Amino acid sequence: MESVEQPRSTAAEMWGKFTALGGPQHILDGAAPAIGFLIGYGVWNAKIGVLIALAVALGIGGYRLARGDSVKVVAISVALVVVFSLFVGFTGEGRAFYLPDLLICAVCAVAFGITLLLPRRPLSHWISRRIGLEPAEAADPAARLRLHRRVTLAWFVFWAVHLVVMVPLYAANKVVLLGSVALVLGKPALVVMLAVTWLWIRRSLHHNTPAAPAGA
């Protein structure tokens, strides 16, 4: 029963931290401006879509500040919508609202892919060490590096799938379909991927911990 209960307790711990940080609310808040843009674009045009997205972002930001949320977090959230909107303003195209997404996916895919080709530590190992998920000293460093090569490969595939799905839609100017896909492959998929990675690494650490001697 211990092997079953441990993943459950780890998942419960992860979900508790996620909800304590307001994760579900942040996902909804992040999706709302994008939904507003899609509605405005579909009913009117890209300019109206941008105005609706900005209005929604500012409205949510004001609400979050009134609730006592961090000014820094709110400012970053609004700034992201402003940046996405500026791409539409610069290009005059509705699809450009999703160009920053594609650029981020491309950069992340290259970053994770390159570290798979290099003899040094894979990127997930470096990130996990920085945030304290991976211990500084491991009983079997070679095994930890092999694990993180698999984790890094999974992240490379994650970002590559974004590009494979979204780039053709962007090239075909299928803005509404592109936006709908981006809503699914955006924060929701990223949160799931982060959760799976967290569980994967935590569970591997538990399995690699030497058992205590009998009677200890």
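A salt bridge is here a side-chain nitrogen of Lys or Arg within 4 Å of a carboxyl oxygen of Asp or Glu. The model is predicted, so local features require pLDDT of at least 70 and side-chain atom pairs pLDDT 80 or more, while totals for chains, interfaces and linings use all residues. Residues are numbered from 1 along each chain as its sequence is written, and side-chain values use heavy atoms, without hydrogens and water.

Select Asp69 and Arg64 to begin. Their salt bridge brings the closest N and O atoms to 2.6 Å. Asp69 is partly exposed, at 24% relative accessibility, whereas Arg64 is buried, at 11% (buried is under 20% relative accessible area, exposed over 50%, partly exposed in between, with a 1.4 Å probe and protein chains only).

Next, select Glu93 and Arg95, whose side chains form a salt bridge at 3.0 Å, N to O. Glu93 is partly exposed at 32%; Arg95 is buried at 17%.

Finally, display the largest nonpolar core, which has 20 residues (a nonpolar core is a set of buried Ala, Val, Leu, Ile, Met, Phe, Trp, Tyr and Cys residues joined through side-chain atoms within 4.5 Å). Phe37, Val88, Phe97, Tyr98, Met166 and Leu178 touch the most other members. Centre the view on Tyr98: beyond its neighbours within four places in sequence, Tyr98 contacts Ala34, Phe37, Leu38, Val175, Leu178, Gly179 and Ala182 (contact means heavy atoms within 4.5 Å).
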